[in-house]
Amino acid sequence: MGLTIAQKIIREHLVSGTMEPGQEIALRIDQTLTQDATGTMAYLEFETMGIPRVRTELSVAYVDHNTLQSGFMNADDHRFIQSAAKKFGLKFSRPGNGICHQVHLERFGKPGKTLIGSDSHTPTGGGIGMLAIGAGGLDVAVAMGGGVYYITMPKMYKVNLTGALRPMVTAKDASLELLRQLSVKGGVGAVVEWGGPGVATLSVPERATITNMGAEVGATTSIFPSDDVTRAFLAAEGRPEDFTALASDEDAVYDKVIDIDLSTLTPMIACPHSPDNVVKVEDIAGTKVDQVCIGSCTNSSLYDMLKVAALLKGRTIDPSVSLSISPGSRQVLTMLADCGALSDILASGARVLECACGPCIGMGFSPNSGGVSLRTFNRNFEGRSGTADGRVYLVSPETAVAAALNGVIIDPMTLGEMPEVTMPDAFKIDDSAILEPATPEEAGDVEIIRGPNIKEFPAGEPVDDDFAAPLVLKVGDNITTDHIMPAGARILPYRSNIPHLSQFCFEVCDKTFPERAKAAGRSVIVGGDNYGQGSSREHAALVPLYLGVRVVIAKSFARIHAANLINAGIMPLTFADPADYDKLSQGDRLKLSGILKGLDSGEILLQDGNDEIRLTCSFTDRQKKILMAGGLLKYVAGEAE
């Protein structure tokens with residue numbers, strides 16, 4: 001039986017386990033990346049391990065999230081990360097150099113390599129044939145130290161592409177179509193491979209848009225073949241030697257095959273407040289628009305920006321609309337300036353922002369109260385924009401430009417013919433904003449710089465055989481990490497200060513939660529389906545841990561968040577019968593008995609008054625040991641003794 005692309009890469013990097021879906025496997029990791037919202041914690045964790053230098057082929061520390069420096073906190077974190085990178089052997093991408101996924105694609109990604117990053121959109125690297133996976137910061141820290149990365153062997157899905165995209169229809173529309181079909185949890189436990197004859201019509205930036213958006217279907221990762229298109233992209237980046245051809249075998253077997261004819265797609269739009277709330281643009285045409293944001297790691301490549309500039313050239317945005325443009329990297333911004341496209345963008349009335357994540361994570365450019373904001377981003381969760389009642393729609397750059405020019409949602413095909421956009425044969429290479437680490441000989445003299453906002457992370461506790469605690473919060477389906485631990489300019493500066501950050505935990509759902517959880521001492525949270533979807537931020541586990549949460553019970557969990565809970569020492573348990581969710585009420589006193597035996601049997605009994613509810617778990621032997629140690633850091637420390 002033949003192998004898929006992902007299976008081939010896994011086979012080459014397999015350290016332990018068997019390649020059977022559902023089985024735990026351990027992978028050797030070639031590359032890691034972090035960004036500053038998660039990086040400070042990751043390097044504190046790496047430092048705690050006592051390993052003097054990273055042991056990967058390549059590790060890069062990016063600053064792209066917390067670039068709005070309205071106080072000392074973000075600047076202090078940047079100095080800490082830069083000094084830690086210099087000491088521990090990582091490259092450091094300076095603020096303003098660009099968004100981690102865009103820069104990594106341009107300068108470091110290699111087909112056939114494994115990459116994990118402390119950001120859920122790390123699968124962007126699948127656009128050039130990497131096995132690129134988002135993970136919690138602690139998992140990344142372990143990998144930087146030479147440790148393996150554990151995942152459940154995923155199922156294999158294939159999206160079979162035929163035809164070619166019509167003008168004004170984009171790779172973003174293909175991504176939204178997949179979300180419409182699968183939903184935000186339809187890819188959980190699977191790798192999505194994009195193949196078929198239509199693949200050859202897509203550029204690397206278009207492929208990267210699609211693999212970036214794969215995070216929104218809950219997939220472990222998404223991946224494209226590495227072919228002549230990949231070869232040309234790497235050559236244009238001055239890295240032809242990094243090319244390796246990759247393709248699935250003709251007799252590869254997939255658990256699911258989805259057929260999409262690119263030539264039949266129309267412009268699509270995801271309505272508030274979920275990426276899978278997808279309809280055709282024409283279905284809601286005429287809706288008034290207040291703000292348009294173009295950029296983010298999803299749609300900020302040179303190709304995207306050149307199309308935007310071509311559509312804006314000689315035109316002026318509607319006076320009722322505010323338009324922001326965020327190029328994905330310094331390379332993109334420089335080339336826009338050199339060719340004159342930047343002038344076309346500015347002349348339209350657009351505001352050009354820094355090469356950073358910016359509005360995507362609520363770091364500035366929040367919409368007006370109750371405002372409608374069209375964004376080329378990947379997520380539109382409620383409140384994520386920084387405006388609690390903002391209504392955010394996800395669209396392609398072409399649809400975004402059409403709305404900015406007309407003041408309403410409108411099919412971009414009404415703009416007329418798409419101007420011809422020609423990509424250069426070679427990109428402008430300038431890596432001066434990527435700083436090299438100290439040599440091993442110099443590293444001993446490097447001082448790690450810490451500001452007063454950088455606090456220690458909370459320590460977990462070994463699980464007890466019996467556990468009794470109140471149910472302090474009950475929430476519904478599709479609770480995101482933005483619900484648990486919000487982003488935004490008000491909160492993100494405290495990513496390295498868990499005690500301060502804790503006061504914002506679950507504020508979208510219940511502003512009284514932090515105070516009640518702290519008062520309870522130890523507590524339980526109950527959720528519905530797909531609990532913890534969205535970002536890889538481990539703060540969504542570390543902050544509840546700090547507040548005393550020791551158990552989370554849900555109908556189902558998102559992959560990364562479940563792993564982060566275990567790493568923190570919090571038990572994620574599921575209802576054997578999802579209907580039992582309805583038997584529990586916030587404020588109930590819950591009792592779990594025979595936990596240690598239940599970790600082995602996979603079943604733990606919960607008592608709620610007179611009700612007895614079966615809970616299930618399927619922890620691996622390693623995960624059981626982590627929980628019994630009180631978290632991954634304590635487990636690693638014990639293994640090292």
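Lysine 110 counts as partly exposed, because its relative accessibility is 28% (buried means under 20% relative accessible area, exposed over 50%, and partly exposed in between, with a 1.4 Å probe and protein chains only). The model is predicted, so local features need pLDDT of at least 70 and side-chain atom pairs count only at pLDDT 80 or more, while totals for chains, interfaces and linings use all residues. Residues are numbered from 1 along each chain as its sequence is written, and side-chain values use heavy atoms, with hydrogens and water left out.

**Salt bridges around aspartate 242**

- The side chain of lysine 110 forms a salt bridge with that of aspartate 242, at 3.7 Å from N to O (a salt bridge is a side-chain nitrogen of Lys or Arg within 4 Å of a carboxyl oxygen of Asp or Glu).
- This pair links distant parts of the chain, 132 residues apart: lysine 110 is in the loop between α4 (100–107) and β6 (114–117), and aspartate 242 is in the loop between α8 (228–236) and β12 (256–261). Helices (H or I, at least four residues) and strands (E, at least two) are DSSP runs, numbered from the N terminus.
- Aspartate 242 counts as buried because its relative accessibility is 12%.
- Aspartate 242 also meets arginine 239 in a salt bridge, at 2.8 Å from N to O.
- Arginine 239 is buried, as is aspartate 242.

**Aspartate 338 and lysine 428**

- A salt bridge joins the side chains of aspartate 338 and lysine 428, at 3.1 Å from N to O.
- The two residues are 90 apart and link distant parts of the chain, with aspartate 338 in helix α10 (residues 330–339) and lysine 428 in the loop between α12 (397–406) and β20 (434–435).
- Aspartate 338 is exposed because its relative accessible area is 53%.
- Lysine 428 has 42% relative accessibility and therefore counts as partly exposed.

**Salt bridges in the whole structure**

- The structure holds 29 salt bridges.
- A network of salt bridges links Arg107, Glu237 and Asp431.

**Cysteines**

- How many disulfides does a search of the whole structure find? The search finds 0 disulfides (a disulfide is a pair of cysteine sulfur atoms within 2.5 Å).
- Cysteine 293 is in no disulfide, and the nearest cysteine sulfur, that of cysteine 360, is 9.6 Å away.
- Cysteine 293 counts as buried because its relative accessibility is 0%.
- Cysteine 617 has 11% relative accessibility, so cysteine 617 counts as buried.
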